[in-house]
Amino acid sequence: MFINGEWADAASGATFDVTNPATGEVIGSVPDGGADDATAAVAAADEAFGPWSQTTAYERADLLYRAWELMTERSTQLAELMTREQGKPLKASSAEVKYGADFLRWYAEEAKRVAGEWLPSARADQRFLVLKQPVGVVAAITPWNYPISMLTRKMGPALAAGCTLVLKAAEATPLCARAIFQIFADAGAPAGVVNLVTALDPKPIGEVFCTDERVRKVTFTGSTAVGKMLAGKAAGNLKRVSVELGGHAPFIVYPDADPVHAAKGAAALKFLNSGQACISPNRLYVHESGAEAFVDTLVQRIGRVKAGNGMNDGIGVGPLVNEAAVAKVANQVDDARSKGADVPVGGERLTGEGFDGGHFYAPTLVTGVTDEMLIRREETFGPVAPVITYSDVDQVVAMANDTNYGLAAYVYTQNLSTAMRTFEGLRFGIIGINDVNPTSAAAPFGGMGDSGLGREGGHEGIAEYLEVKLGGFAI
Ligand code: NAD
C-alpha cells in the first residue's frame with residue numbers, strides 16, 4: 001500500500017495473491033489492509049490537505065503533467081500488466097492506458113480554469129464574490145474492469161481541484177493500481193497527497209471511508225447494489241457523494257439506418273473487454289426491416305472473434321474476471337434459451353487447451369429476446385449480444401427507456417430529426433448517435449436512475465471536488 005509517501009505493508013502483516021484470469025497463474029501478492037490501514041491513510045491525506053490545497057493551480061498541473069508523461073513512457077509495461085491482471089487483449093489495454101493518461105493531461109489543463117465569479121448586488125454598497133475551493137480529503141473506491149482509467153478519472157480532477165485522496169483499488173486488480181501510484185511517487189507527489197489501500201475484504205475500508213469525519217467526499221465506481229449502500233452511509237454523515245454504477249444500454253437501429261454498418265458497430269462495441277463494461281449494449285433493438293441483414297452480419301463478425309489469452313496475437317475477447325461472472329453469463333443465456341430465444345453463435349463456456357485454467361465464455365448472439373428473460377433487465381457483463389426485433393418506430397424510445405438504469409444508449413439513424421428526437425427522448429447520461437465510442441476525458445460521463453449520481457470527465461468532473469463559497473462584501 002502507499003501511505004504518507006511510503007510503500008507499506010498491512011498493519012496485520014497479511015497479504016493476498018493476485019491471479020491471471022486467463023491462466024489461473026498467481027502473478028503477484030499485495031498487502032491485505034484493514035480498517036487501521038484505511039484510517040492511517042485518511043490521517044495522512046488529512047495532514048497533507050492543508051499544504052496541498054494552498055499550492056497554485058500551476059504547481060498542481062505540473063504534478064499531473066509529470067504523471068501523464070510517466071504513464072506515456074511506461075505505457076507498454078502498463079498495458080502488459082493490465083492484460084495479465086485483468087485479461088483484456090493487449091491492444092485494448094494499450095487503448096485504456098492512453099485513455100487513462102488523458103485524464104491526467106486534461107485535468108492538468110483544467111486545474112488552471114477553476115474560476116470564481118463576481119456578482120452584482122441590488123445594494124449599491126455590496127459586492128458578491130464566489131470562490132471555488134477543494135472539498136477536502138477524498139475517499140475513492142474503484143472497480144476491476146478498467147483498472148487504470150477508473151483511477152485516473154478520479155485522481156486527475158481531485159488533485160487538480162486541490163484535494164488529497166485515499167483510494168481503495170479492486171481486489172482483482174491491485175497491481176495496476178500499484179503501478180499508477182508508483183508513477184505519482186516518481187512524479188514527486190508530496191507525502192500524503194495520494195494514498196493507496198489494498199484489501200481482500202472491502203467492507204471495513206468502506207466503513208472508514210463513509211464514517212471518518214476527516215473524509216469530505218466519497219467517490220465510487222462499481223455495482224449498483226454496493227454503490228447504493230455506500231452512498232446511503234456516506235450521505236448519512238453528510239459527505240459529498242458521487243457514484244458511477246451499472247448499466248443496461250439499449251442500441252437502437254432505425255429502419256433508415258444501414259443495418260450492416262450498425263451491426264459492425266454493435267460487434268465492435270459489444271465484445272470490448274469481453275462485454276465487461278458499464279456502457280456495453282445489453283439490448284439491441286433492430287427494426288424488423290433490417291433484422292435479417294443485421295443478424296447475418298453479427299453472426300459473421302462474432303464467428304470471427306477469437307477468444308483466448310489477451311497476450312496472444314489476434315485475440316478479440318479475453319477471459320471474464322472470475323467463475324462467478326461465467327456462471328452469471330451462462331445463467332442468463334440458458335434462461336433465454338429455455339424461454340424460446342435462439343442462440344445462433346456461442347452460448348457455451350469455452351473449455352480445452354488454452355481455456356481450462358481461465359474463465360472463458362464464447363462470444364455469443366441471442367435473438368428473439370423477450371421481456372420475460374433475465375437478460376432483458378439484468379446487466380450481463382459478458383460477451384453476449386441480445387437482439388430484440390421491433391416493428392413500431394414510435395414505441396422504440398419507450399422500450400429503450402424501460403429500465404431502472406440510465407447510463408449509455410446508442411442510436412443508428414440517417415435522419416437528423418429522428419436522431420435529435422431520440423437524443424432528447426432517451427433517459428440516459430451518455431448517448432452515441434451513429435457512434436460507438438462517446439467517451440473522452442473532455443466529456444461528462446455518468447448516469448441517471450440506478451446508474452448513479454454525478455459526472456466524471458469534463459468541466460463537470462472537477463466540480464464534484466469543489467465547494468462553492470460566497471463572500472458578501474459591504475463597501
Ligand atoms: P463491485 O461493486 O463489486 O466492486 C467495485 C468496488 O467496490 C471494488 O473495489 C470492491 O472491492 C468495492 N466494494 C465491494 N463491496 C464493498 C463494500 N461492501 N464496501 C466497500 N467497498 C466495496 O463492482 P465490480 O464487480 O468490481 O464492478 C463492476 C460494476 O461496476 C458493474 O456493475 C459496472 O457496470 C460498474 N461500472 C460502472 C462504471 C461507470 O462509470 N458507471 C464504470 C465501470 C464499472
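Select domain 1 and domain 2 and display their C-alpha centres, which lie 31 Å apart. This is a predicted model. For the selection, the chain divides into domain 1, made of 2–245 + 451–474, and domain 2, made of 249–440.

Next, pick the residues where these domains touch: domain 1 puts 22 residues into the contact, and domain 2 puts in 26. Between them, domain 1 and domain 2 bury about 1900 Å², with 59% of it on carbon and sulfur atoms.

Now select the ligand and the residues around it. The shell consists of 28 residues, and the closest are Thr142, Arg153, Glu171, Ser223 and Glu379. Colour the shell by domain: at least three of its residues come from domain 1, and at least three from domain 2. Then colour by residue class, which gives 15 nonpolar, seven polar and six charged residues.

- Arg153: an N or O atom in the side chain is 2.8 Å from a ligand oxygen.
- Gly222: a polar backbone atom is 3.1 Å from an oxygen atom of the ligand.
- Ser223: a polar side-chain atom is 2.6 Å from a ligand oxygen.

With the ligand still selected, show its surface. On its own the ligand exposes 850 Å², of which the protein buries 89%.

Finally, switch to the cartoon view. Which elements give two or more residues to the shell around the ligand? They are the helices α5 (149–161), α7 (203–211) and α8 (224–236), together with the strand β10 (215–221). End on α8, which supplies three residues, the largest share of the shell.

Notes. Residues numbered from 1 in each chain as written. Predicted model: local features only at pLDDT ≥ 70, side-chain atom pairs only at ≥ 80, totals over all residues. Heavy atoms only, no water. Near = heavy atom within 4 Å. Polar contact = N/O pair within 3.5 Å; in protein donor to acceptor, adjacent residues only side chain to side chain. Areas by Shrake-Rupley, 256 points an atom, 1.4 Å probe, with all protein chains shown as cover. Helix = DSSP H or I, 4+ residues; strand = E, 2+ residues; numbered from the N terminus. Nonpolar A, V, L, I, M, F, W, Y, C, P; charged D, E, K, R; others polar. Domains from an automatic or database assignment. Contact = heavy atoms within 4.5 Å. Buried area = accessible area lost by both parts, 1.4 Å probe.
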